[in-house]
Structures are given as structure tokens and as C-alpha cells.
Amino acid sequence: MEETGVPDNATYHFVVADDHPLFRGALRQTIELLYPGAGIAEVGTLEDAAAELERHGEVDLLLLDLAMPGMRGFSGLMYLRAQYQSVPVVVVSASEDAGTIRRCMELGASGFIPKSLGIEVIREAVSQVMAGGSWTPPDVDLGEADSEASAMAQRLSTLTPQQVRVLMMLSEGLLNKQIAYELAVSEATVKAHVSAILQKLGVESRTQAVIAAAKIEQGQWLTAEAR
């Protein structure tokens, strides 16, 4: 049965965020072998992951699927890293693309585990991150980073949680008044967020901001209107 919360008396606290119950179960078993008695919460959406982190302020590790509902490419990772800076995040993904791994690490992930790896390797990766290190697949050549894309990833990582949400809505083509309604803030507040986003990303227009983010997101944020 899915556990909706982390018990307060557990020694370690983990959140497994993946929309595939079988894979969540496999990750749970792996963690239980490593840390008997650990509290493990299972969630299947970005919204539920954020709610669990909000409910329990002392989570030791978040295992995060890039493709579950609400994630939109790297945007979910960006939002969670901005909102919960003290929680280490290990991305667990079906992707094994070197560019995707590099981007996740640039955006603040502590590790990246391809879902194709065996239980022993996943245990090693989790142990290494829990010990304060980082982990990426040793057989994947991350190569030299694209300096322009890396610089933009660094700028994106400076956005506040609310600015990330505004940028996500800009990418959907929403107007300021629509964003204000969705976030329950004033249009003036949205305009201030947009101005801050443009300044941080070093661009001059909303469309340029969406396009800049899309270069990092490998096209996943870029709307037909922005193109």
C-alpha cells in the first residue's frame, strides 16, 4: 500500500516521486535494505512531491522522476531545488542521454540514476549521495559542457520558486492577468517577476526568456506561439 507520509519517528526520511508504482516499489525496497526503519513516502506527481516536502521539513533525499505528471522537462527539478534548497535531489530517469544528465547536475541535482541500472548500482548511488557526495553513471561520458547552455542553466538556477512558476506559465502563452489569477497575486506582482526573470536571464523580452529556457529544456518549454 502506498505510504502518503513520512512517520515523524523515522531515522531517515525519503520521498520517492515516480508515477510508476512498480518502479516506486523497487526503489522503496532498495532504500529499506540500505536504511532499515527509514520513513519512505511515495508520490506520483510534482504537486504531491511538493506537498510532501512541505509537510515534512526534514527529508534526507528526494528521488525524482523527470517524466511524471507536472514535471515539464527540467522545470520541476528547478522548482523543487529553488523551493526546498536543503533537500538533496537524485534524478531517476529512463533517459541515459549525457546532455540530460549534465543539465540535471548543473540545475542542482546531487545525482542521476538511469532506470536501466541494477539494484546494486542504485544502492551504491543512493549511499554515495547520502554520504554527502554526488553520483552519475561512470560509463556515460558527460564530455565538455556547452558553455552557452551551461551559463544559461546557471542563470536559471538563480530564479526563485515563484519566478520558475511564472516562467513555466509564460512558456504556455499565458498573459500577465492570467498568471496573476493562477497565482492569486496582482498583475503588478507578475510584472515585477517578469522583469526580474528577464534581468536574471539576460534577455529583453518574454519570448526571448521562453526561448532561452527552451534551449536548456531541449524544446520542452517552447510553445508554438514562441517559435
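Predicted model: local features only at pLDDT ≥ 70, side-chain atom pairs only at ≥ 80, totals over all residues.
## The α7–α9 contact

From α7 come Q162, Q163, V166, L167 and L170. From α9 come H193, V194, A196, I197, K200 and L201. By class, the residues of this contact are seven nonpolar, three polar and one charged.

Helix α7 covers residues 161–171, and helix α9 covers residues 187–201. Their axes lie 10 Å apart and cross at an angle of about 95°. Angles from 65 to 115 degrees count as roughly perpendicular, so α7 is roughly perpendicular to α9.

An α-helix has 3.6 residues a turn, so residues three or four places apart point the same way. The α7 side of the contact includes Q163, V166 and L170. The α9 side includes H193, I197 and K200.

Q163 sits in helix α7. Is Q163 buried or exposed? Its relative accessibility is 6%. Buried means under 20%, so Q163 counts as buried.

The side chain of Q163 reaches the backbone nitrogen of T160, at 3.0 Å. Beyond its neighbours within four places in sequence, Q163 is in contact with T158, H193, A196, I197 and K200. Of these partners, H193, A196, I197 and K200 are also named in the α9 side of the helix contact.

A184 belongs to the loop between α8 (176–183) and α9. A184 is not a glycine, yet its phi is positive, at about 60°.

Its relative accessibility is 69%. Exposed means over 50%, so A184 counts as exposed.

## Helix α3 under cover

Helix α3 spans residues 75–83. How many of its nine residues are buried? Eight are, which leaves the helix mostly covered. The buried residues are S75, G76, L77, M78, Y79, L80, R81 and A82.

Both helices and strands supply the cover. Among the helices are α2 (46–55), α4 (98–106), α6 (147–156) and α7. The strands include β3 (61–64) and β4 (89–93).

## The chain as a whole

The chain has 10 helices and five strands. Of its 227 residues, 49% are buried. The accessible surface comes to about 10800 Å². Carbon and sulfur atoms account for 49% of that surface.

Consider the contacts between residues at least 6 apart in sequence. In this set, 67% join residues at least 24 apart.

Note on methods
Residues numbered from 1 in each chain as written. Heavy atoms only, no water. Axes fitted to C-alpha atoms, helices over the stretch in contact; angles between N-to-C directions. Helix = DSSP H or I, 4+ residues; strand = E, 2+ residues; numbered from the N terminus. Parallel < 35°, antiparallel > 145°, perpendicular 65-115°, else oblique. Contact = heavy atoms within 4.5 Å. Nonpolar A, V, L, I, M, F, W, Y, C, P; charged D, E, K, R; others polar. Buried < 20%, exposed > 50% of the residue type's maximum accessible area, 1.4 Å probe, protein only. Areas by Shrake-Rupley, 256 points an atom, 1.4 Å probe, with all protein chains shown as cover. Polar contact = N/O pair within 3.5 Å; in protein donor to acceptor, adjacent residues only side chain to side chain.
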